[in-house]
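This report concerns the aromatic side chains of one protein. Please view the sequence and the structure before reading on.

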Amino acid sequence: MSYIDIYAAGLKSNEASSVMNSNSTFHGTLSIQNKILVKNPILPYSIVTFYILFVVWIGPAIMKHRKPYSLQKFLIVYNFLQAASNLYIAYIVIDAIIKNWDSRCLIKKNPRISEILEAYTAPGYLLYEVKFLDLLDTVLFVLRKKQSQVTFLHVFHHAGMCLGFYWGLTNLHLNPSFYMAIIFAINTPVHVIMYTYYGLSAIGPHMQKYLWWKKHLTRLQIGQLFFILCYMVHGFLTGCEEMGRIELYALIYAIMTLILFLNFYRKYKKQ
C-alpha cells in the first residue's frame, strides 16, 4: 500500500470518526433543551404540585365563604384561544407526519434527524406550554364553586399530561420516536373540539340547543386513548418503535387514563 493510500484511508477514518462524534454530541444541542420549562425541572414539578394543592385544598378553602365568580367573558375568550392554539399546532404536526410518514419506523436512522427534530421542537414546546395553560380548566371550576367537577380523573389527567410532556421533551434527544407525533396529532384536534364546545357553552343557556353533540365528547376522548394505545403497542411489537422507560410510563399513564374515562362514561350513562 502506498503512502497516498494510507493517507486517504486515514482521512476516511477521521471523517467517519467525526460523523460518529457529531451524532453522539448532537443529542445535547436541541434548542428546546434551553427552554425554561425544560431546563429547570423544579418549575414543572412545582407548578403541578401547587396546582394539585390549590384545586383540592387551598382553592376550596378560599372559596368556602365566598360567592362563585361568573367569569363568563374570560371563559369565552380563554376557551376559544385554547381551540385556536390547538388547531395551529394540529396543522403543523399533521403536516410533519404526512411529510415523514415513509420514514416513521427508521426515524432514528434518518440522516435529516437533527433537522427534523429542530424544525418541530417549536410547536412541541408550544403544546407543552398549552398543557400547563390547561390547568386553568380546574382552577376555573374552583373559582366558580363547581367542585363536583374537580374529579380524580380530571386532576390526574391534567397533572399527568404536564409531567408526561416534560419527561418526553427532556428525553427527545435521547430517544426520538414517531409515536410522540402521533399523540400530538390525535390529541390536538380532540382539544379543538372540546374547547370549541366549552366556548360556545360559556356564551349562555340559549346555546345549549346547538350543543347536542356534548354526549359524544367523552366517547371522543376514549377513542383517542384507544387509538394511541393501539398505535404504540403495534409499534413496539413490530419493532417500528423502541420500548424504553419513558415509553413504559406513557403506556401505564394511557391505560390508567383510559380505565378512568371508561369508568366515568359508565357512570354518565347510568345517570
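Which residue lies over the face of Tyr125? Lys35 does, at 5.6 Å from the ring centre; a charge sits over a ring if NZ of Lys or CZ of Arg is within 6 Å of the ring centre and within 35 degrees of the ring normal.

The model is predicted, with local features requiring pLDDT of at least 70 and side-chain atom pairs pLDDT 80 or more, while totals for chains, interfaces and linings use all residues. Residues are numbered from 1 along each chain as its sequence is written, and side-chain values use heavy atoms, without hydrogens and water.

Across the whole structure, a search finds 15 aromatic pairs. Rings of Phe, Tyr and Trp (its six-membered ring) pair if their centres lie within 6.5 Å; planes under 30 degrees apart count as stacked, over 60 as edge-to-face and the rest as tilted. Two stacked pairs are listed below.

| Pair | Centre distance | Plane angle |
|---|---|---|
| Phe74 and Tyr78 | 5.9 Å | 5 degrees |
| Phe152 and Phe156 | 5.6 Å | 20 degrees |

Phe74 and Tyr78 are 4 residues apart in helix 4 (residues 72-100), about one turn of the helix. Helices are DSSP runs (H or I, at least four residues), numbered from the N terminus. Tyr78 is buried at 6% relative accessible area, whereas Phe74 is partly exposed at 42%; buried means under 20%, exposed over 50% and partly exposed in between (1.4 Å probe, protein chains only). Both rings belong to a cluster linked by ring pairs, together with Tyr195, Tyr197, Tyr198 and Trp213.

In helix 7 (residues 152-170), Phe152 and Phe156 are likewise 4 residues apart, about one helical turn. Phe152 is exposed, at 56% relative accessibility.

Definitions and conventions. Helices (H or I, at least four residues) and strands (E, at least two) are DSSP runs, numbered from the N terminus.
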